[in-house]
Amino acid sequence: MKQNKNIFGNQIVKPIIWSFFLLVFSNSLHSQMSARLNAYGHINFESVFSDTTYSNFSLGEQELFINAKFNDNFSFLGEITLNYAGHGNYRLNIERLRLKYNYYKNHSLIMGKFHTPVNYWNDVYYHARLFFPTIDRPLMFSKWIPVHTFGMRLQGQNIGKNNFGYDLLIGSGMGSEDIHNVFKETSITAAVHWKPTDEMRFGFSGYLTSMDDASMAAHSHGGGEHEMNMYSGPLDFQMLNASIAYFGEKWEILNEFSFNRTKTDTLGVSNNISNYTYVGRRFLEKNVAFTGFDVLYSGENDLHTYPYDRMKFILGYKYEYSERLNVKAQIEYYTNIYDDHTHDHSIGSKYEFKIQMSYGL
Amino acid sequence: MVYRLRYTLIILLFLVNGYDLNSQITLNDFSIVVIGNNTGTKKMSETTIKQYFKGKYNKWPNKKRVIVALASSKHPKVEWYSNLLFNKSFFAVKKYWYSLVFQGRNDAPYFFASDQELIEFVKLNPGAIAIVEKSSKVPEHLKIKLNE
């Protein structure tokens with residue numbers, strides 16, 4: 001198995017990082033710095049109707065968002081979240097922390113920790129539920145979407161008449177998305193998108209990484225059905241994604257498709273697939289009635305997410321009090337794709353009812 | 001293959017939102033003037049100027065940073081201006097910009113309650129643009145002509 005770890009030697013990385021910081025702060029000395037602080041958060045209510053029935057009223061993710069400009073070319077962006085970790089404790093996470101150098105027209109070099117631009121959802125919504133079309137992220141986020149990467153990124157946006165965009169990034173792998181274990185594993189992401197109109201965006205991306213220890217993979221940002229990976233051996237991971245997004249005055253459509261292939265010496269190659277579809281109809285400007293269908297299947301010999309199959313049906317309604325406050329209510333029905341008891345990973349069917357209030361200040 | 005895909009997408013777009021595409025309003029039809037300070041251009045097409053207002057470009061041809069100034073909710077013509085520039089309501093414009101800023105793609109625009117405030121802001125900030133009514137007292141050197 002090929003391993004592409006340690007391609008960032010200290011001799012290469014450290015001088016680049018220090019040069020970048022030096023460039024930023026020497027430029028900032030010559031101009032007035034401007035900064036902007038926002039806060040986002042949400043409150044959840046959920047009832048689960050399964051073998052056991054329960055209801056929760058909980059404080060969701062709360063976050064601080066900082067956007068600052070050192071000068072015309074250099075900017076800083078930080079996103080920090082606070083999550084309930086049980087027994088009155090809260091966990092602080094750095095979700096995005098990046099320095100951006102706009103070197104030519106709409107082309108930029110970005111360094112730091114950012115959301116991996118593998119699909120529309122991860123490149124546009126981040127952690128603020130205020131912008132989510134449905135209460136939860138698609139199922140694929142709970143299984144294999146690498147939400148964050150720490151590294152370097154070349155970005156272009158709104159290029160030419162047809163508003164093309166690209167992202168090319170090299171950074172940490174799934175086992176080291178944060179500040180520890182950085183550069184132990186490497187991931188490469190290439191993404192392109194096209195915006196034929198202001199309301200529409202098509203995107204395609206490819207992502208690949210190799211991990212020494214698949215149990216360390218950090219991608220648990222889903223709808224709450226994430227399971228720990230017991231396999232701690234090496235694993236190759238390759239992924240392709242396609243997104244179609246249309247958010248018009250009346251109709252809203254989002255489709256996220258994801259396919260990945262994992263390879264281990266133990267069980268060989270496994271093909272895994274997921275698709276999320278959202279359709280919303282806006283009426284009286286601030287009301288959206290929506291429906292969604294989410295499906296995920298991972299192969300029997302997969303050692304990254306383990307065999308899993310799930311379908312989710314969504315029916316919901318959103319009311320936007322303002323651009324900074326909205327309420328969503330949705331009914332969800334979960335079931336397995338294979339309901340014939342031949343798959344021992346079947347976790348049965350259930351209904352969920354959820355209400356979420358999201359805000360931004 | 002590429003052309004076929006493009007035509008299919010355009011047809012799909014019309015099916016989904018054909019009416020809205022035909023309801024574009026042009027700045028030339030109204031008593032509006034576009035103003036800008038040290039943008040490096042005195043004449044620009046309407047399509048291009050609207051793209052600057054939508055945050056599609058970060059810099060002007062002279063490398064100055066683009067600073068967008070818009071009418072606030074207290075401005076008496078806010079809905080009209082929002083429709084002219086974005087073909088959207090002011091509520092939709094705020095949502096559009098709020099999301100762009102959170103994505104880290106653009107700097108937030110500045111909002112003002114009157115044409116006079118918009119003119120003053122543009123006058124003081126190189127790279128700033130806004131639209132105001134022609135009847136407002138606008139210094140000649142701030143005006144950007146539309147060439148279509």
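Modeller: Helices (H or I, at least four residues) and strands (E, at least two) are runs assigned by DSSP and numbered from the N terminus. The model is predicted: local features require a pLDDT of at least 70 and side-chain atom pairs one of 80 or more, whereas totals for chains, interfaces and linings use all residues. Residues are numbered from 1 along each chain as its sequence is written, while chains are lettered from A and ligands numbered from 1 in the order in which they are written.

Of the 148 residues in chain B, 33% are buried; a residue counts as buried with 20 or more other C-beta atoms within 10 Å of its own, as exposed with 12 or fewer, and as partly exposed in between, the C-beta atoms being placed from the backbone. Two residues are in contact if their C-beta atoms, placed in that way, lie within 7 Å. Among the contacts in chain B with a separation of 6 or more, 64% are between residues 24 or more positions apart.

Let us begin with the buried residues of the helix. In H3(B) these are Tyr81(B), Ser82(B), Leu84(B) and Leu85(B). They span an arc of only 165° around the axis and therefore lie on the same side of H3(B); the arc is that of the directions from the helix axis to the C-beta atoms. An α-helix has 3.6 residues a turn, so residues three or four places apart point the same way. The partners of the buried residues of H3(B) are strand S1 (32–36), helix H2 (46–53), strand S3 (67–71), helix H4 and strand S5 (128–133) of chain B.

H3(B) contributes Val78(B), Glu79(B), Ser82(B) and Phe86(B) to the contact, and H4(B) contributes Phe90(B), Val93(B) and Tyr96(B). These residues divide into five nonpolar, one polar and one charged. Here Ala, Val, Leu, Ile, Met, Phe, Trp, Tyr, Cys and Pro count as nonpolar, Asp, Glu, Lys and Arg as charged, and the others, Gly among them, as polar.

Another residue of H3(B) is Asn83(B). Asn83(B) is partly exposed, because 17 other C-beta atoms lie within 10 Å. Ten residues separate Asn83(B) from Val93(B) in sequence, and their C-alpha atoms are 9.1 Å apart. After H3(B) comes Asn87(B), with a positive phi near 55°. A positive phi, near 75°, also occurs at Lys63(B), in the loop between H2 and S3 of chain B. Lys63(B) is exposed, since it has 12 other C-beta atoms within 10 Å.

The neighbouring helix leads on to chain A. In all, 24 residues of chain B are in contact with 27 residues of chain A. On the chain B side, helix H1 (2–22) and H4 are the elements that give two or more residues, and H4(B) has the largest share, with seven. That side divides into nine nonpolar, six polar and nine charged residues.

Chain A has three helices and 16 strands, and 38% of its 361 residues are buried. The largest nonpolar core has 29 residues, with Met140(A) and Ile145(A) making the most contacts inside it. Such a core is a set of buried Ala, Val, Leu, Ile, Met, Phe, Trp, Tyr and Cys residues joined through C-beta atoms within 7 Å. Apart from it lies another core, of 28 residues, including Val33(B), Ala69(B), Leu70(B) and Phe112(B).
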